[in-house]
Amino acid sequence: MVKAPAILTIGDKKVELPIKSGSIGPDVVDIGKLYGQTGLFTFDPGFTSTASTESKITYIDGDQGVLLYRGYPIEQLAEHGDFLETCHLLLYGELPTAAQKADFDNRVTRHTMVHEQMARFFTGFRRDAHPMSVMVASVGAMAAFYHDSTDINDPLQREIASIRMIAKVPTLAAMAFKYSIGQPFVYPKNSLDYSANFLRMCFAVPCEDYEVNPVLARALDRIFILHADHEQNASTSTVRLAGSSGANPFACIAAGIACLWGPAHGGANEAALKMLGEIGTVDRIPEFIKRAKDKNDPFRLMGFGHRVYKNYDPRAKIMQRTTHEVLSELGIKDDPLLDVAMELERIALHDDYFIEKKLYPNIDFYSGITLKAMGFPTSMFTVLFAVARTVGWIAQWKEMIDDPAQKIGRPRQLYTGAPQRDYLPVGNR
Ligand code: SDX
C-alpha cells in the first residue's frame, strides 16, 4: 500500500518525502533525495531515529520485548532449536530440512581446523594479552591464510568464507583462551557438535580424557543462539560499513569484533561481572545505585539499559533461566555474585529512576555469571559473544553485498569548526 508522502516545509519551500512500510514495525521516511532537493542534511548522532538499511534478517520490538530471527521468536528457537540450525536460518532465511541440516552441520564441522601456521601466529602475543585483542588480530589474519575466499564478487567465495568463519572463529577463540593460560591448543573433534566441541577445545588437556557435560553444552548452545544476531547494533553496523567499501569478509568481521569489545556493547558482560564483584555484597547495592543516578558520576550499572529494548530484553529472561540451570547442574548453591545480581535486579526494577529511564537488565547482565560458573575467565566473556555473533555479522554482510542497490556508506556532518582562514607563518602566530 503506497502511503501519502511526508511533507517537509522549509521556509517557503515544501518537499515531499516518501513514506515506506516494512512487513512489521515502524514505517520510514525516505530522505535519500533530501540533500539534493534542499541542500540540507538530517542530523541524528548515534542513529537514534535512523534506519540505515532494509533487512529481512532480525526484527526487534523494543517496547514489546520481541526478538525474531527471520520471523521466529527467540524464545522458541532457544527452547527447541540448536545453534547451527539457527545459523542456517540467519544465513539462508529458512530453518533447514533434516537433509539440509545434516549437510550444513557437516560443512561447518569439516572447516573447524585452522591453517597450522596460525598457531605460530599466536606466539607473537604476550600471554597476558586480552583475548579480544587476539581475536581481532587472528580473524583479520584469516585474510592472510585463506586468499581463495576473499573475492567478494564471487558468490562461491563468499559462501566458503562464511562457512570458514562460522567454523573457525570458535577454534581461534579456544586457542586464544588456551594461549592465555599457557596450555596447549586442543584440535577440534568432528564427532562432537558445535558447542560441545568448543567446550572441549577450551577445557580439555592432553594428559587426561575430557567428557563434555551435556547440560553445559546445551546451555552454551542456547547462549550462542541468544547472541547470534540483533538487527543493526553497533558492531553489525560496523561490519556493514566496512563491507560497503568492498573490504574482504575476514577484515569486516574483525572490524565487528573490535567494535563489540566496547563496554557499552559486547564488553558489557565482562564489565557487568566486574561490577558485581566490585559491589561484592547486597548491602553495598544502594551505594552503587546512587552513583548510577548521579549525573556527575560516569558510573553506569553495566548489564542494564538498551538502546532499543525499553522493556525487558527477552534474551535476559532466557539467560536468567539458563544461569539457574547451569548453577544447579554444577551444584553451585550460594553464588554471592548471583545473590548481588538478583537483589540488584529486584531493586532496579522497583526504583523510580530505572523505571522512568526504562532501564531493564539486558542479556549481558546474567551471561557473565553463567560463563564464570562454566569456568570461563571474565576476559573470555566478550570472546564468546563474538563467537555467537559471527553468524549474525556474516548474514547481515551477505545481505548487504547481495543488495543490487548497495553503495559505499558515507555519512555527512554538521560542521562547527573554523571557517576558512589563511596560513600564518610561525613568526606571526
Ligand atoms: C548490547 O544495540 C544492541 O542491540 C546491543 C546488544 C546486541 O545484542 O548487539 O543488545 C548487546 O550491547 C547490550 C547493551 C550492553 N551495555 C550495557 O549494559 C552498558 C550499560 N548500558 C548503557 O551504557 C546504555 O544503557 C546503553 C549504551 C546500552 C544504551 O544507551 P542509550 O540508548 O544511548 O541510552 P542513553 O545512554 O542515552 O541513556 C538514557 C538515559 C541516560 O540518562 P539521561 O542522560 O537521559 O538523564 O538512561 C541513563 C543515561 O544516563 N542510563 C543509565 C544506564 N543506561 C542508560 N543509567 C545508569 N545505568 C545504566 N546502565
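A residue counts as buried when its relative accessible area is under 20%. Phe-224 has a relative accessible area of 1%, so Phe-224 is buried. This model is predicted.

Phe-224 sits in helix H9. That helix covers residues 214-227, which makes 14 residues. From its first C-alpha to its last, H9 reaches 20 Å, close to the 20 Å expected at 1.5 Å a residue. Of its 14 residues, 11 are buried, so H9 is largely enclosed by the rest of the structure. Among the buried residues are Leu-216, Ala-217 and Leu-220. A side-chain oxygen of Asn-213 reaches to within 2.8 Å of the backbone nitrogen of Val-215.

Now turn to the aromatic rings. The structure holds 21 aromatic pairs. In one of them, the rings of Tyr-35 and Phe-41 have their centres 4.6 Å apart. Their planes lie at 25°, and planes under 30 degrees apart count as stacked, so this pair is stacked. Both residues are partly exposed: Tyr-35 has a relative accessible area of 45%, and Phe-41 has one of 34%.

Phe-224 belongs to another pair, with Phe-198 as its partner. Here the ring centres are 6.0 Å apart and the planes stand at 70°. Planes over 60 degrees apart count as edge-to-face, so that is the name for this pair. Phe-198 is buried, with a relative accessible area of 0%. The pair links distant parts of the chain, with Phe-198 in helix H8 and Phe-224 in helix H9, 26 residues apart. Ring pairs also build a cluster around these names. Its members are Phe-83, Phe-177, Tyr-194, Phe-198, Phe-203, Phe-224 and Phe-376.

Next come the spaces inside the model. There is one cavity of 30 Å³ or more. About 40 Å³ of space lies in the largest cavity. Which residues line the largest cavity? Phe-224 is one of them, and so are Ile-223 and His-227. H9, helix H17 (363-373) and helix H18 (381-402) each supply at least two of the lining residues. By class, the lining has six nonpolar, three polar and no charged residues.

H4 provides the largest share, four residues. The lining divides into seven nonpolar, four polar and six charged residues.

One last stop is helix H14, residues 314-329, where Ile-318 is found. Is Ile-318 buried or exposed? Its relative accessibility is 3%, so Ile-318 counts as buried. Ile-318 and Ala-341 are 23 residues apart in sequence. In space they are 15 Å apart, C-alpha to C-alpha.

Note on methods:
Residues numbered from 1 in each chain as written. Predicted model: local features only at pLDDT ≥ 70, side-chain atom pairs only at ≥ 80, totals over all residues. Heavy atoms only, no water. Nonpolar A, V, L, I, M, F, W, Y, C, P; charged D, E, K, R; others polar. Expected span 1.5 Å × (residues − 1). Buried < 20%, exposed > 50% of the residue type's maximum accessible area, 1.4 Å probe, protein only. Polar contact = N/O pair within 3.5 Å; in protein donor to acceptor, adjacent residues only side chain to side chain. Phe/Tyr/Trp six-rings, centres within 6.5 Å; stacked < 30°, edge-to-face > 60°. 1 Å grid on protein atoms, 1.4 Å probe; cavity = no way out; pocket = protein on both sides within 12 Å on 5 of 7 lines; lining within 4 Å. Points joined across faces, edges and corners; volume = space filled by probe spheres on them.
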